Amino acid sequence: MNSETQSITTQLGSFAISAAPPSAARVTAARAVLDTIGVALAGAGEPAARAVQRVIEKTQGSCTVLGLASRATAGDAALANGTAAHALDYDDMCFVSLAHPSAPLVAAGLAAAESAGASGRALLDAYVVGFEIEGRLGRVMNPRHYQRGWHCTSTLGTIGATATAARLFGLDAVACGHALAIAASEASGLKENFGTMVKPLHAGLAARNGVLAAQLAQAGMTASAAAIEGPQGFLGAMDSEHPSLGACAADLGSRWEIVETGITVKLYPSCAGTHPTLDALLDLTRRERFHADDVESIEVGVDPIVPTILIYDKPSSGLEGKFSMPFCAAAAVVDGCVGIDTFDASRIGDPRIVALQSRVSMTIGGDLDASAAPLTQARVTVRLRDGRVLVASANGARGYPERPASDDDLAVKFMSCATRAMPQLQAEQALTALRAIESSPAVRTVMEVLWR
């Protein structure tokens with residue numbers, strides 16, 4: 001075991017505990033916290049979230065379970081809130097880690113912050129260090145790790161959530177390194193479960209496991225210093241593209257992934273692989289004013305990663321619909337929009353959508369930029385019955401870092417989500433409190449607005 005392998009967990013632990021994120025990083029983190037709490041409030045009523053809530057309902061604790069008038073232990077609250085945040089697939093994305101970073105990071109961070117009596121700024125700083133470690137892992141491990149079937153929201157998310165929780169619990173660098181090594185043995189999550197209730201559970205498990213790993217290390221549990229980079233460690237066992245963090249870890253604290261590459265805010269509650277296509281299709285329908293009955297066929301060209309995620313040609317449930325290009329494309333043309341209600345069970349069998357989705361095909365587009373990040377490009381060809389052929393290309397989508405969601409976009413999305421779980425006035429008060437979270441002396445105070 002060489003010294004580099006021995007030191008990597010302590011190096012990561014030292015960064016997680018002592019890094020001083022720039023103000024721009026906290027601004028992005030605060031937007032992520034706001035957005036994630038909103039989608040968790042909306043997702044709290046979904047079947048996956050309800051199942052978790054039933055399991056934890058008898059536990060006692062001091063941490064808020066979003067969408068319920070109850071509290072739970074830190075681990076149980078993180079499990080419930082992480083699952084709820086990912087239940088609608090409306091939570092944010094990162095194209096470096098190929099993960100939904102905020103569902104686990106925010107869920108673990110809120111639970112740890114409430115437990116530790118931490119401030120809003122401490123929560124944001126802790127979110128940032130977790131995000132940065134995830135980003136470095138993503139650069140080293142992907143795309144191979146993701147293509148082999150691992151769900152990065154859960155695998156990388158467990159490591160990131162651990163760093164976030166460890167910082168808020170006040171661990172030192174050595175203990176945080178042990179926590180990250182513990183987390184390396186907890187991390188899992190299989191893409192074969194996409195389109196089922198287990199996919200949102202992945203985010204909840206990552207958050208819960210992050211809290212648990214930090215608690216265990218705080219209680220004195222130790223782990224192998226080689227758990228991440230060793231021959232049988234996290235990178236090796238989980239099909240990392242590269243065998244070592246190397247230079248990717250060397251710039252921690254001097255280069256900030258969250259500032260440089262940013263976070264993608266979802267403006268559609270479906271898999272990110274559908275978003276460029278949805279933007280292109282919706283723009284075409286508005287500009288050319290055609291309807292579903294006018295369409296002979298829709299051809300969608302995508303990058304090679306997209307078909308490994310959008311695996312349902314004929315979805316039988318709303319969850320499967322989120323991972324179906326034919327359904328999403330057809331619904332966009334039929335309804336002229338895509339929102340939470342698009343994936344209601346009653347819409348899956350809508351005869352207008354079913355008829356059009358049979359005329360939607362998805363192929364790997366040879367004319368797309370091979371150097372572009374996965375899930376960011378699409379080329380849409382719509383053939384109309386009157387002989388017209390309409391073509392549109394998308395490089396990214398609305399809400400992506402290059403076309404960021406505005407403060408108004410975030411507010412509209414938050415209110416549409418939060419009012420599914422609370423009255424309008426309370427949702428407005430929550431929005432105000434969350435917008436000022438960085439200056440809050442205690443996260444508990446902010447959460448009280450959401451809980452009462």
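**View 1. Helices α6 and α8 cross each other.** Here you can follow α6, residues 120-141, and α8, residues 152-169. Their axes come within 8 Å and cross at roughly 150 degrees. Because angles over 145 degrees count as roughly antiparallel, α6 and α8 are roughly antiparallel to each other. The crossing in which α6 passes α8 is right-handed.

**View 2. A closer look at the contact of α6 with α8.** Which residues of α6 and α8 make the contact? From α6 come A122, L123, D125, A126, Y127, V129, G130, I133, E134, L137, G138 and M141. On the side of α8, the contact is made by L156, G157, I159, G160, A163, T164, R167 and L168. Sorted by type, the residues of this contact comprise 12 nonpolar, 5 polar and 3 charged.

**View 3. G45 sits in a loop between two helices.** Find α2 (23-43) and α3 (47-56), and you will spot G45 in the loop between them. Is G45 buried, exposed or partly exposed? Its relative accessibility is 42%, so G45 counts as partly exposed. Look for A87 too: G45 and A87 are 42 residues apart in sequence, and their C-alpha atoms are 9.0 Å apart in space.

**View 4. Residues 1-6 have a pLDDT below 50.** Across the protein, the mean pLDDT is 95, and 98% of the residues reach 70 or more. Over residues 1-6, however, the pLDDT is below 50. This stretch has 10 contacts in the model beyond near neighbours in sequence. Where pLDDT is low, predicted coordinates should not be read in detail.

Terms used
Residues are numbered from 1 along each chain as its sequence is written. This is a predicted model: local features need pLDDT of at least 70, side-chain atom pairs count only at pLDDT 80 or more; totals for chains, interfaces and linings use all residues. Side-chain values use heavy atoms; hydrogens and water are left out. pLDDT is the predictor's confidence in each residue, from 0 to 100. Contact means heavy atoms within 4.5 Å. Axes are lines fitted to C-alpha atoms, for helices over the stretch in contact, and angles run from 0 to 180 degrees between N-to-C directions. Helices (H or I, at least four residues) and strands (E, at least two) are DSSP runs, numbered from the N terminus. Angles under 35 degrees count as roughly parallel, over 145 as roughly antiparallel, 65 to 115 as roughly perpendicular and the rest as oblique. A crossing is left-handed if the near helix is turned anticlockwise from the far one by less than a right angle, and right-handed if clockwise. Ala, Val, Leu, Ile, Met, Phe, Trp, Tyr, Cys and Pro count as nonpolar, Asp, Glu, Lys and Arg as charged, and the others, Gly among them, as polar. Buried means under 20% relative accessible area, exposed over 50%, partly exposed in between (1.4 Å probe, protein chains only).
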